[in-house]
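Q: I'm new to this structure and would like a close look at just one part of it. Could you pick a strand and walk me through its surroundings?

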Amino acid sequence: MQLIIEESEKQLSFEEIEEFSNYFDKEIPLSFIDFYIKFNGGYPPENGEHNFFLLGGFNPIKYGDLTIEEIYTNLIDDFSNLKDMIPFAYDEGGNCFLLSLKNENYGEIYIWLMDEKELVLVSESFDSFINKL
């Protein structure tokens, strides 16, 4: 089954992807980069029956109202423990999905539960996360 994402922002150039990678100054998993080359943010279809994570949508790298870099800056200002974690998506309750670039859990996907201020593992990799959608 192929993933369908609606209302993705303008497609990113190679230079924009490279600039994004340099911003985090860590190697970003290729599956994540491949996804963002195809979809720069967007939403799963509203009639999506298989929304395993109650995903609200993906944050764009560039363009759109609120980019990953803007969200990241706001998050780490308040929660320094989220440094080196890319806020790439959100659920229907406003919680944030994060891709870890930290050495101890590199590539794992977490959800930051805003009300509880708690980080919970949801997937061992970005590929696995996408496959569950």
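This is a predicted model: local features need pLDDT of at least 70, side-chain atom pairs count only at pLDDT 80 or more; totals for chains, interfaces and linings use all residues.

A: Let's come in by way of Asp-91, which belongs to strand β2. That strand covers residues 85-91 and pairs with β3 in the antiparallel sense, over 5 bridges. One of the links between them joins Met-85 to its bridge partner in β3, Ser-100.

Between β2 and β3 the hairpin has 4 residues, and there Gly-94 takes a positive phi near 90°. Asp-91 reaches into this stretch: a polar atom of its side chain lies 2.9 Å from the backbone nitrogen of Gly-94. The side chain of Asp-91 also has a polar atom 2.8 Å from the backbone nitrogen of Asn-95. What about a salt bridge? Asp-91 has none, though it is buried, and the nearest side chain of opposite charge, that of Lys-117, is 13 Å away.

Now for β3 itself, which runs over residues 96-100 and is mostly covered, with 5 of its 5 residues buried. Which way do they point? Cys-96, Leu-98 and Ser-100 face one way, while Phe-97 and Leu-99 face the other.

Among the residues involved, Cys-96 has Trp-112 of β4 as its bridge partner.

Methods: Residues are numbered from 1 along each chain as its sequence is written. Side-chain values use heavy atoms; hydrogens and water are left out. Buried means under 20% relative accessible area, exposed over 50%, partly exposed in between (1.4 Å probe, protein chains only). Helices (H or I, at least four residues) and strands (E, at least two) are DSSP runs, numbered from the N terminus. Two strands pair if DSSP finds at least two bridges between them. Lys and Arg count as positive and Asp and Glu as negative; His and the chain ends are not counted. A salt bridge is a side-chain nitrogen of Lys or Arg within 4 Å of a carboxyl oxygen of Asp or Glu. A polar contact is a pair of N or O atoms within 3.5 Å; within protein, one must be able to donate a hydrogen and the other to accept it, and residues adjacent in sequence count only if both atoms are side-chain atoms.
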